[in-house]
Every structure is written in structure tokens, then in C-alpha cells.
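Please examine the protein below with its sequence and coordinates side by side. The paragraphs that follow lead through selected sites and close with the confidence of the model.

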Amino acid sequence: MPVKSEPEVEQAKPPLMDTSRPALQSQAVILSPPQGRPVTWIKRWPLTIIAFAIGAISLPLSMWQPSKTPIDPLDYTARTKHVLSTTPLIDGHNDLPHLIRIELYGKMCDGTFNFNDKLLGHTDVQRMRKGQMGGQFWSVFVECEEEVGIDDPTWIVRDTLEQIDIARRFIEEYPSVFQYCDTPRCAREAHKAGRIASMIGIEGGHQVGNSLGAIRQMYDLGARYITTTHNCDNAFATAASTVAAGREDKGLTPFGHEYVKEMNRLGMMIDLSHVSHQTMRDVLSVTQAPVIFSHSGAYSVQKHLRHAPDDVLRGIKANGGIVMAVFVNRFLNMKHPEEATIHDVVDHIMHIAEVAGWKHVGVGSDFSGTPAVPIGLEDVSKYPDLVALLMERGATDEQVRMFAGENLLRVWADIERDEGKRFKQQAIKGWATGFANSPFMFRSTRERSKNIKRIAHNFNYPKLLSRKL
Ligand SMILES: [Zn+2]
């Protein structure tokens with residue numbers, strides 16, 4: 001969950017030196033033909049020259065062959081480097097676009113912001129490269145509003161559109177670093193091309209205005225997952241924070257069932273981070289597609305209500321989904337958050353792997369969305385340390401490959417498999433309020449509006465309507 005208090009972006013610095021240019025120039029000098037030398041001697045001993053040339057080329061080439069010596073199993077650094085060079089490490093949740101919006105008001109191009117410099121927060125290009133990152137789901141986040149009923153109009157959808165705009169512009173601003181992706185195939189291609197695949201996820205059902213129509217448009221704008229709730233209930237479901245505050249866990253609403261169906265049909269990932277335990281169970285009981293937890297942990301390891309309990313982890317195994325481990329201190333060590341370390345994150349990962357299996361675990365840091373991260377996982381440069389530690393705890397190369405990115409790419413591809421059906425169902429359901437004095441197009445709407453001042457068509461959940469959140 002992003003915080004507003006700490007400035008995370010420092011002042012602009014001069015651009016980094018381009019060290020590649022002198023090397024290219026010197027190579028050009030080496031490749032230039034020697035000046036002022038007669039060429040007639042070449043004609044005199046052609047065979048000798050050809051033999052010499054073949055020897056001169058083949059000898060160094062044989063020396064440049066990559067070593068076939070297997071990597072020492074105890075050399076975790078070398079194993080990590082090898083695995084992450086061939087499998088894209090994809091983080092499920094980073095809130096940097098939110099910081100760009102609240103700190104810089106979305107202004108990235110006036111010289112204040114240079115992502116190539118080392119910034120104050122957790123995320124910049126230098127450290128992403130050091131962390132061998134292959135992909136990032138950039139979270140677009142807008143706060144839940146206090147004291148707003150779910151039927152009240154707000155600016156949250158507009159703000160979410162602005163947040164998507166910022167994420168898209170931020171990705172486009174650094175084309176040699178990022179590649180915008182809305183398919184798993186694109187993410188693999190970006191990694192092969194040496195770029196960091198950049199995707200968009202929306203952090204809260206409140207951000208789509210309780211509207212399935214808005215969800216469809218968010219999909220077309222590039223969003224590939226929606227966190228079903230943030231720290232507030234919405235028309236779809238109950239949040240973990242509601243239960244933590246002592247209120248009833250109502251799980252998924254009837255309209256939430258429609259949300260699940262539409263997300264499945266669209267091929268958009270349902271994210272269960274932040275939702276209540278009953279919402280997790282309800283979604284797992286109705287979804288036809290795998291689900292994700294973009295930044296969560298295991299409830300058995302730390303009794304925080306936003307973590308997945310063991311029965312849900314077993315449900316995730318049956319569902320084919322994935323729980324991506326979060327790095328937020330207060331979720332890792334509730335009593336002494338300041339003492340949270342990288343080992344706490346490893347404990348969550350190992351537990352998820354033990355209960356659900358290695359096919360169902362991943363990484364979702366919440367970097368740049370929380371000020372307090374564990375000792376040993378201070379920023380995006382530290383992913384290799386986490387992978388190496390998993391190896392030290394016994395994970396095989398194949399298992400860490402799944403953890404790093406293969407699982408997420410598999411889930412995403414599974415969800416996309418029904419893409420052909422996307423436009424077969426066209427039911428438009430959403431949130432609307434009727435007013436008796438408006439020139440309604442349909443007679444039945446006018447009749448209904450005479451009896452009910454505020455109506456919500458296609459939304460059969462009167463108790464929730466009257467409730468203030
Ligand atoms: Zn969050």
C-alpha cells in the first residue's frame with residue numbers, strides 16, 4: 001500500500017556517461033585496412049595466407065566456447081545468475097507510477113525525473129539491471145476514499161485513468177529499458193531482447209467504479225489484473241481490512257460473481273491480495289480460470305488477515321493459480337516490523353511451496369509502495385539474493401525458475417487461452433443511478449424511478465446499497 005509521506009524521488013542529476021562509444025570507435029580503427037602497404041605479396045602465397053587466417057580465427061574461437069563445466073551446486077550466486085539470464089524474473093507488484101503521480105503530478109519530462117539515475121526509493125534502472133529483472137507488473141493505484149458510499153460518484157475512475165496514462169508514458173519514456181507488454185509472449189520476447197517487460201495491474205475494485213463496462217475498457221487500456229479489493233469493501237467483495245476492523249466477512253457479493261465471470265471471459269487475472277479469507281474462498285469456488293495473489297504471504301507463517309490460509313493455498317493448487325510473496329515489513333513481522341528480514345520472505349515462500357507446490361509461488365514485492373522493506377531486500381537490486389537464499393534452503397534450479405517467472409507466465413497464458421470468446425457475450429452490466437426527471441429512453445426505467453429515488457440496475461444487493469463503508 002503506497003504511502004504519501006516520504007519523498008522517494010531525488011533531484012535530477014546529469015545523465016550517465018555513455019561508455020560504449022569509445023569502444024566502438026577503437027574497434028573501427030582496428031578493423032580499418034592498414035595504410036600504405038603493398039598488396040602484391042598477398043597474391044604470391046595465397047594458400048599459406050588462407051591457412052594462417054583459418055588458424056588465427058579458429059584458435060581464439062575454440063578458446064571462447066562457453067565452459068561446459070557444470071556449475072558447482074553450492075555456488076548459489078553462479079546458479080542464480082544462470083537461471084535469471086534464461087528465465088525472466090517478473091515481480092507482480094511495484095507502485096512506482098503512483099509515486100510519479102503524487103510526488104511529481106505526473107510530470108516526467110520537465111527534467112526533474114531521470115529514471116536512469118539512482119533514485120531515493122526502491123526502484124530505478126541501475127538497480128533493476130543489477131537485480132536481473134525480466135519483467136514488472138506496474139501497479140496503478142488510487143486510494144480508497146473514506147466516507148464514500150459505494151453508490152456515490154467519485155473521481156476514482158478518472159484518477160485511475162490518469163494513473164494508467166502515467167504508467168504507459170513512463171514505460172514509453174525509456175524504450176531501451178522497458179517494453180510495454182499485454183501478453184505473456186511479449187514478456188518473454190522482451191526478456192530475450194534485454195528489455196524489462198512492463199505490464200499494468202489495477203490495485204483495487206473500487207478503481208473501476210463498480211462497473212463491468214469500466215473493467216472492459218480498463219482491459220483495452222492494457223490492465224491485465226485487478227486486485228479485487230484494496231483496503232475497502234466494494235460492490236464485488238469484502239476486504240481483509242474490514243475483517244481486521246472487526247466487521248463481518250461477507251465474502252463475494254452476488255455482483256462479485258458477475259465480476260468473476262466477466263474477468264474470466266475477458267482473460268484478465270483476478271488478484272486476491274487484500275481481500276478477506278471468505279472472498280478468497282468464494283472466488284476460488286466460482287472462477288473458471290487461475291487466480292493470482294500479486295503481493296501476499298502465508299497466514300500460517302504470520303497471522304495477518306491479508307495472507308492466504310492453508311486451505312486457500314490448497315485451493316490455489318487445485319485452481320492452478322499463484323501466490324506471489326510480498327516484502328512489506330508489517331505483513332512479515334507484525335509484532336516487530338523493523339526486525340523483518342529476507343529470511344522471513346523465504347519462510348513464506350517455502351511454506352507456500354510446501355502446501356501448494358513450487359508451481360504455485362512467485363514474487364510480488366510491493367516495492368515503492370511501502371516505505372518499510374526487510375533487511376536484505378532493500379530495493380530491486382536484491383532479487384538475486386532472494387533466489388540464492390532459496391537455493392541455499394534446498395530449491396532446485398527448476399523450482400526457482402518457476403518461482404521467478406515461469407509460474408506467472410503459465411497462469412497468464414492459461415487465462416488468455418479463451419481469448420477467442422471475448423466478444424461472444426455482450427451483456428453490459430454496471431452501476432447506474434436513475435433520476436425521475438431525466439429523459440429516460442426506456443419506459444420501464446421511468447416507472448421504476450418513480451418509486452425509488454436512487455436505483456442500481458442489474459445490481460441485486462440492497463443491503464450493501466444502504467451501507468456506508
Ligand atoms: Zn497493496
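In this predicted model, the side chains of Ser296 and Ser273 form a polar contact of 2.7 Å. Ser296 is located in strand β7. Its relative accessible area is 1%, under the 20% limit, and Ser296 therefore counts as buried. Leaving aside residues up to four places away in sequence, Ser296 touches Ser273, Arg306, His307, Val323, Met324, Ala325 and Val326.

Attention now turns to the cysteines. A search of the whole structure identifies two disulfides. One of them connects Cys144 with Cys232, with an S to S distance of 2.0 Å. This link is left-handed, with -75 degrees about the S-S bond. It brings together distant parts of the chain, 88 residues apart: Cys144 is in the loop between β2 (133–140) and α7 (156–173), and Cys232 is in the loop between β5 (223–227) and α10 (240–244). Cys144 has a relative accessible area of 14% and so is buried; Cys232, with a relative accessibility of 16%, also counts as buried.

The other disulfide joins Cys181 to Cys186, again with S to S 2.0 Å. The link of Cys181 and Cys186 is left-handed, at -70 degrees about the S-S bond. Cys181 is buried, since its relative accessibility is 0%, and Cys186 is buried at a relative accessible area of 13%. When the bonded cysteines of the protein chain are numbered in sequence order, the pairing reads 1-4, 2-3.

There remains the question of confidence. The protein chain has an average pLDDT of 81, and 74% of the residues score at least 70. Residues 58–65 have a pLDDT below 50, and this stretch has one contact in the model beyond near neighbours in sequence. The pLDDT is also below 50 over residues 453–469, a stretch with 43 contacts in the model beyond near neighbours in sequence.

Terms used: Residues are numbered from 1 along each chain as its sequence is written. This is a predicted model: local features need pLDDT of at least 70, side-chain atom pairs count only at pLDDT 80 or more; totals for chains, interfaces and linings use all residues. Side-chain values use heavy atoms; hydrogens and water are left out. pLDDT is the predictor's confidence in each residue, from 0 to 100. Contact means heavy atoms within 4.5 Å. Helices (H or I, at least four residues) and strands (E, at least two) are DSSP runs, numbered from the N terminus. Buried means under 20% relative accessible area, exposed over 50%, partly exposed in between (1.4 Å probe, protein chains only). A polar contact is a pair of N or O atoms within 3.5 Å; within protein, one must be able to donate a hydrogen and the other to accept it, and residues adjacent in sequence count only if both atoms are side-chain atoms. A disulfide is a pair of cysteine sulfur atoms within 2.5 Å.
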